[in-house]
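User: I would like to learn how to read the features of a model. Please start with the terms, then show me each case.

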Amino acid sequence: MIYLMFFIWIAINSTFAQQYYDPSDCPSDTSYPGSRYTCNSKQQSCQTFLVYRANQHFGLQNLVNISALFQRKSDELLDLNDIALPSEILKPGREVLFPIDCSCSGEYFHASLSYIVSEKTSVSDIACGVFEGLLKSLTLLQENPSQNNDVDIGVKLHVPLRCACPENSNIADRVKYLVTYPVLEGDGTTPISEKFGISSEDLLAANHLEPKATIFPDTTILVPLKSDPVLNLNIPDSPPPSPGFLPTITVEKTKNRKLRRLYIAGSIVGFFLVCVALLACVLYVNALKKWKGEKLQSFTDRNSILSCSTARSSPPSCQTGRSSPRSGQTGRRSSTNSCLSPDLLAGIKFSLYNYGIDDVKKATNDFNEDAKIGEQLYKGLIDNADAMIKQMKFEDTRQVIDMHSKINHINIVNLHGVCYGGDDFSWSYLIFELPNNGCLRECLSNQSNRLHWNRRTQIAFDIATGLHYLHYCIFPSYAHMSVNSRNIFVTSKWRAKLANIGPTLAVSASRRNDDQTATVNGWVAPEYPAHGAASEKVDIFAFGVVLLELISGRDATEGNLFKDSIGFLGGGANEGGCFEQLRNFIDPSLKDDYLLAEALCLAVLAKACIEDDPLRRPSMDDILKVLGRMV
């Protein structure tokens, strides 16, 4: 009798329990039953549905953009999803029902789409990110055999989404649709069943799952429906599973003397171990302080050695203090007779490679104009790696090396080596790393490979992080004084690095001498060309100008024309006019690939940074708090 009931249950559920649930996640490179839903000759095609969620892959999360991905008209989705307008912005994670045509091809069901890649990415990102696991990355590779995992811009891919048709769909009271539902963290069979108004038993049977079975994120599950789908968006996310696997044991009170003695002995031993641990911590802290003191003394002795200066025609004479203007001790410019010999550098713990002048000439093709990328700045290939080669006066070289010996930060270019100029002792050359994507100005001007909005906000955050390091984490603190889009370089991973660090004044020094003030190009803080003041606020102003370049793509060297174009930030215009002028100011190459709220936030931050009064400009600490919410 039991066997007969079992076969009856199988026969009843066979109308829709034809598919298996695949518990492996989307990027998995192994195929299991349920990785693709199987079909037979009797099941040809049907119209069914799938669920998709609004996500960050769209600049504007609305039906217009999402429906274009599935090659559907947005108007036909309004009533189905209870949305008023196609342009209505959907909150992240909002679930949208899409009607699809599901057909049987060979052994498997699929809804066939085509997708043109808009940016360099991978097959895994497309399958599991753009299409949210509605197909596995392995399936996408199998359907596009000529494609490897890395996908270039403009490649057209065939995308077979997972779908399934029920058997006997024409019989009354049988399953009409099998809706493909991508599972998220926290989803369970009960919340999904309630969301579609079906029983958990039907959901489990449709996917060949046992009672109380667990479903996993980055997978799909089929939802059997006997009528047109309606999503209940008021169902909350599933709570995390309770730790039911932990045994619960009732502790009974006992008056056993042996057990009581055991508790007392354990407490004494535990107290003793805590005391030993505290003593070990105190000894460790004291040893660490002693070690740091020795390191600091060694660092001070090293800087005292570097303070030696001499005339080339006279014996060296040592000074007792540090004379570098970047030390913040005297505020005076170092003597033009300061020496920087290889003998002195040999004892410095900050390790630099000493290159010959022939190496530098070979790298720059004998300082050819084609290798020149800036004023006294060249690019070349040294040790099979791209490098920046900066030519500078011999007496300034010590200051730059001293500055870089104190720096260790991911957002500042590394100093690799030095060359002393051969027979000409008036010049020397410093060799820096050269990030692959060149300077920020070149990236903003490159129309063939536009800089995406999220990369621009990340670059702004990286620049701010580097300046914050110079302003707050170096002793004494330093002002860069040359922040602009040509002194910011971008790596292959689209992260920013500050270049042209030093020679410069410490912030504690009041002003530059006349021969220290750099040539002013473009739009700079008004107090800088007038007074030559070395201040963090000059860097803040320059950072604001770079922000405006990131927003607009324009070059700050346009001067007053650039300044006039942001007049709308000063107020006076109504709200609608302000937004329209902001849209006109934003880099047209971005098209609609940006968030207006973030663009407005960056524009207001830039406006605060370029205030004429230095005291009204924010600190770099305040700027980081704002940008930290965007990346």
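Analyst: Begin with burial. Buried means under 20% relative accessible area, exposed means over 50%, and partly exposed lies in between (1.4 Å probe, protein chains only). Helices (H or I, at least four residues) and strands (E, at least two) are DSSP runs, numbered from the N terminus. This is a predicted model: local features need pLDDT of at least 70, side-chain atom pairs count only at pLDDT 80 or more, and totals for chains, interfaces and linings use all residues. Residues are numbered from 1 along each chain as its sequence is written, and side-chain values use heavy atoms, with hydrogens and water left out.

User: Take Cys46. Which residues is Cys46 in contact with, leaving aside its neighbours within four places in sequence?

Analyst: Cys46 touches Ile100, Asp101, Cys102, Ala164 and Cys165. Cys46 sits in strand 1 (residues 45-53). Its relative accessibility is 22%, so Cys46 counts as partly exposed. Tyr177 is 131 residues away along the chain, yet the two C-alpha atoms are separated by 8.7 Å.

User: Now sheets. What is the order of the strands in the open sheet of 6 strands?

Analyst: First the rule: two strands pair if DSSP finds at least two bridges between them. The order here is 9-13-14-12-11-10, with mixed pairing. Strand 9 (353-354) and strand 10 (372-374) are the edge strands, each pairing on one side only.

User: How many bridges join strand 12 to strand 14?

Analyst: Strands 12 and 14 run antiparallel and are joined by 7 bridges. In that pairing, Ile389 stands opposite Ile431 in strand 14. On another pairing of strand 14, with strand 13 (residues 415-419), there are 4 bridges, also antiparallel. There, Ile431 is the bridge partner of Gly417. Strand 11 (residues 377-382) and strand 12 (residues 385-393) pair antiparallel over 6 bridges. Leu381 stands opposite Asp386 in strand 12.

User: Why is strand 14 described as largely enclosed?

Analyst: Strand 14 (residues 427-433) has 6 of its 7 residues buried, so the rest of the structure largely encloses it.

User: And helix packing: at what angle do helix 13 and helix 19 pack?

Analyst: Two packed helices are described by the angle between their axes and the distance between the axes. Axes are lines fitted to C-alpha atoms, for helices over the stretch in contact, and angles run from 0 to 180 degrees between N-to-C directions. Helix 13 (residues 453-472) and helix 19 (residues 620-627) pack at about 150 degrees, with axes 9 Å apart. That makes helix 13 roughly antiparallel to helix 19 (angles under 35 degrees count as roughly parallel, over 145 as roughly antiparallel, 65 to 115 as roughly perpendicular and the rest as oblique).

User: Which residues of helix 19 meet helix 13?

Analyst: Met620, Asp621, Ile623, Leu624 and Leu627 do. Their partners in helix 13 are Ala460, Phe461, Ala464, Thr465, Leu467, His468, His471 and Tyr472.

Note on methods. Contact = heavy atoms within 4.5 Å.
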